[in-house]
Amino acid sequence: MKVRTRFAPSPTGYLHIGGARTALFSWLYARKHGGDFVLRVEDTDLARSNADSVNAILEGMSWLGLEYDEGPFYQTQRFDRYKEVIARLLDEGKAYHCYCTREELDAMRAEQMANKEKPRYDGRCRHRTEPREGVEPVVRFRNPDDGVTVVEDMVRGRVVFQNSELDDLIIARSDGSPTYNLTVVVDDWDMEITHVIRGDDHLNNTPRQINILKSLGVEPPRYAHLPMILGPDGAKLSKRHGAVSVMQYRDDGFLPEALINYLVRLGWSHGDQEVFTLEELIELFDILDVNHSASAINPDKLLWLNQHYIKHSDPDHVARHLSWHIGNRGVDPSLPPPLRDVVVAQRERAKTLAEMAANSVYFYRDFEDYDEKAARKNLGDEAKPVLQALHAALEAVGEWTPEAIHGAVEAVAQRHDLKLGKVAQPLRVAVSGGGVSPPIDQTLSLLGRERTLARIKRALAYIEAGGDDA
């Protein structure tokens with residue numbers, strides 16, 4: 001049997017991290033077993049589904065690198081198939097028309113609650129043979145009255161449901177449109193899904209779906225219900241916890257592999273190992289090892305992972321992702337200096353790509369103002385002769401390399417009987433606008449001779465003007 005998993009989001013918003021983790025676990029399980037990963041868009045909620053949400057899901061999947069083997073399939077394009085199955089269930093007596101009005105159902109539930117009974121449909125239309133004038137019926141599935149339905153869950157273990165507790169759920173609305181529990185059953189059947197990995201909020205739907213599948217003579221897939229993800233405070237994850245959309249993490253400067261590594265550790269582990277390559281994840285991941293208790297997000301852990309990947313990934317790879325952030329700041333990333341070189345220079349001091357981009361804009365265009373504190377400390381009258389000497393020394397440098405630049409700066413320091421830092425720091429503020437940059441020889445090498453000399457002149461004019469930018 002070939003393993004076939006699926007990710008089946010509803011396009012009613014962005015791809016959130018809970019959905020992304022579900023997609024990741026499904027993708028990893030399929031890849032580990034040489035199977036297929038199917039993307040299905042459950043868009044039957046016509047009032048809430050929209051094209052923007054579909055695009056947001058596809059964009060999130062693409063950014064994470066979770067490529068799918070089949071799909072995307074759209075449920076709205078399969079209505080004829082659902083109606084065919086509903087008709088079959090009606091013909092075989094496994095479903096029936098229900099003519100109960102909303103008022104009657106409300107009264108029934110109120111009476112059950114007053115009697116301290118579990119509210120559920122009592123099957124009163126099961127044996128109705130005549131239609132009811134003026135009422136468009138729904139279609140209900142005739143659930144077994146007795147016995148149990150067992151879910152051998154790959155995460156939670158054996159879960160037993162009493163069929164007497166499962167009411168006859170609606171599988172088609174009064175307008176003929178199919179409901180979730182019917183469409184998901186037909187889709188999993190037609191698409192030959194072998195393993196359904198999804199959030200544990202779906203666990204109560206599973207025995208109902210199993211019973212529908214069995215009524216159709218279909219062997220149900222294996223199920224794995226993942227525990228929810230909580231906020232750092234242990235509460236249900238919500239917008240107030242910060243980034244919950246996958247693309248928000250992109251916007252905030254995280255690498256996709258850092259988020260992948262972070263998500264997989266929300267409920268799964270392999271010893272004490274924290275960092276995994278994708279190849280290691282495919283080899284080591286097993287849905288049977290997923291913890292059945294909820295996991296809480298840890299923003300500090302994600303930042304740590306992201307910094308690790310920024311430091312240790314191929315600079316060309318990091319540069320491709322940095323390009324978006326640089327472009328977002330109005331800078332053409334194709335201009336010199338090469339982004340790869342910027343990544344190498346900046347990667348030791350950036351936790352996110354957004355931070356790296358913000359701290360690298362001065363390589364590409366002039367800054368507006370000096371950092372007030374850094375300028376007050378480093379661009380006083382005492383810095384003027386040092387900067388003048390640096391301008392002359394750097395202007396005379398032959399080949400503009402870090403080594404030649406370092407030699408020129410060091411020579412100025414010796415000539416003025418100063419420590420290297422006392423020379424490098426005024427120069428750093430002059431060329432970058434602030435007190436932090438990569439090593440000064442790297443910084444000037446990336447800036448280029450012309451821009452470096454122009455900025456030293458600007459700093460000298462600033463000092464001449466008594467601390468006012470000229």
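## The largest pocket

By class, 15 nonpolar, 13 polar and 10 charged residues line the largest pocket. Here Ala, Val, Leu, Ile, Met, Phe, Trp, Tyr, Cys and Pro count as nonpolar, Asp, Glu, Lys and Arg as charged, and the others, Gly among them, as polar. The model is predicted: local features need pLDDT of at least 70, side-chain atom pairs count only at pLDDT 80 or more, and totals for chains, interfaces and linings use all residues. Residues are numbered from 1 along each chain as its sequence is written, and side-chain values use heavy atoms, without hydrogens and water.

The largest pocket holds about 1100 Å³ of space. A pocket is an open set of points on a 1 Å grid over the protein atoms alone, where a 1.4 Å probe fits, with protein on both sides within 12 Å along at least five of seven lines. Its volume is the space filled by probe spheres set on the points, which are joined across faces, edges and corners.

## What lines it

The lining counts 38 residues, each with an atom within 4 Å of a point. Closest to the pocket centre are His 16, Gly 18, Gly 19, Asp 201 and His 202.

Strand E1 (4–7), helix H1 (17–32), helix H5 (180–190) and strand E9 (195–199) each give two or more residues. H1 gives the most, with five. Helices (H or I, at least four residues) and strands (E, at least two) are DSSP runs, numbered from the N terminus.

## A three-stranded sheet

Three strands form an open antiparallel sheet in the order E4-E5-E8. Strands E4 (95–98) and E8 (170–172) are its edges, each pairing on one side only. Pairing takes at least two DSSP bridges. Two bridges join E5 (residues 138–141) to E8. Val 139 stands opposite Ala 172 in E8.
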